[in-house]
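Good morning, and thank you for coming.

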Amino acid sequence: MKKFYITTAIDYVNANLHIGHTLEKVQADALARYRRMLGEDVFFAIGTDEHGDKIQRSAKAAGKETQDFVDEHAEAVKKVYEGLNISNDAFVRTSDSKNHWPSVIEMWKRLEANGDLYKKKYSGLYCVGHEAFVTDKDLNDEGICEMHGKKPELVEEENYFFKLSKYSDQIKEKITSEEFNIIPKKRENEIVSLIDQGLEDVSFSRSKDKLQWGIPVPGDESQVMYVWADALTNYISVLGWAQEKDEKFKKYWPADVHVIGKDILRFHAAIWPAMLISAGIELPKALFVHDFITINGMKISKSLGNVIDPLKLVDEYGADAVRWYLLAEIPPTKDGDFSEEKFVARYNGDLASGMGNLLARVVVMGEKNTSEPLKSSLVPEAEKELKIRLKAYKELMDKYAFNEAIKEAQALMAFTDKRINDTRLWELPDKDEEQFKKEMASAATIVAYIAWMLTPIIPESAQEAANQLGIKLENKDKWEFNFKKGDALFPRL
């Protein structure tokens, strides 16, 4: 069985998640479910990033012990993704000293043994929001980090540095040869341009005087590992690398795709591959980079008061409605916008009037006019249309083009609705029973395939559609329809 290992960036736990955070997990979940649907052995990992200066400060501001603070937030993260029906196989936490730390410590030792870590005194601008040292070119004319709205702090201390500059040529070759494939092309061009400007060595530790909350540097009690040296290693620690039982690592590595946001491209497309090369570990196959969500055309910001709680949306509209919007409305590799007006329009237009209405039409006619199971079959016109749409759907899902793949399912909905109308299917039981059975079986078969195609997108609703058709979606060769009308799939808002 072919394996498929997919990860997302682990969520930083200094604050509650908003709708922008959930896009990545829903995209990755759609990919994981799609690959499982194809019969692949999928391992899907998410988690939380729990170390660093920002966490330490947030815990202090909240009047809590740091461990208690991250425990509380990690549980809140889990609750959000459970609410969105994210089907992860593992949840990694970087404060987990038993399962995560051994791999981080082993990674450090390998980089050190390869001569790629050195200690020096450093003075530079540190952005707490980024958990990164920045330069003047990263700031606006007033010296402010625009992403976080604050001036960075001047930090002077002795740190360990990682020889990132040493690996510039190797990283570029692996990217341009697509051995390490960065999607979309504009993000590949962005990182290659950055490499061509010259990669600089990066700080990999902080003084324990300044930062206590982190993994201690092996053999140097005065230093704590810098958050990125720790966090990036989660992609192999979650597989048990550097532990006695590393069967998962041997089975699933290299990752087939890391799903990340555009703001952390440099860390994943430069620092992480350099660490892997230094440690003698194969690189991931692909990096899929998504853009951001705006709210009514504006950046999501606490100060603007436009932060949207994803669980409130789920409670009001259901997980599948939220998933549908994120995958159908938000372009996979461009910025997309969220507004309640657009959300309701998508829900009513795509779901209530689309999938929900078509399922109800077919099931009601089937239940009313059939007394025994109806075997799956297709009239020639439907078979031709289905082949075209299924082929396109698979090609688009393989390219992470979720919104375009959804349109192929919608095209089948439109085809089936038109076919029902053109044949006046509701009149056929009294006019031509055999023709009714042929057209009814064909319509039901197409609806079943639509549910199959939408399983990665709206899994609960796809399963409910299968229940009302009286089938198991995975048994495509054995479908026999036993129609049973249930509740409306998507009641109109």
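Helix α12, residues 319-328, is mostly covered, with ten of its ten residues buried; buried means under 20% relative accessible area, with a 1.4 Å probe and protein chains only. Among them are Asp-320, Arg-323, Trp-324 and Tyr-325. Helices here are DSSP runs of H or I of at least four residues, strands are runs of E of at least two, and both are numbered from the N terminus.

A word on the source: this is a predicted model, in which local features need pLDDT of at least 70 and side-chain atom pairs count only at pLDDT 80 or more, while totals for chains, interfaces and linings use all residues. Residues are numbered from 1 along each chain as its sequence is written, and side-chain values use heavy atoms, leaving out hydrogens and water.

I turn now to the sheet. Three strands form an open sheet in the order β16-β15-β17, with mixed pairing. Because β16 (298-299) and β17 (336-338) stand at the edges with a single partner strand each, one side of each has no neighbour in the sheet. Strands pair if DSSP finds at least two bridges between them; β15, residues 293-295, joins β17 in the parallel sense over three bridges. Ile-295 has Phe-338 of β17 as its bridge partner.

Finally, the whole chain. Its secondary structure comes to 18 helices and 19 strands. Buried residues make up 57% of its 493 residues. The C-alpha trace spans about 90 × 45 × 40 Å along its principal axes.

Terms used. Buried means under 20% relative accessible area, exposed over 50%, partly exposed in between (1.4 Å probe, protein chains only).
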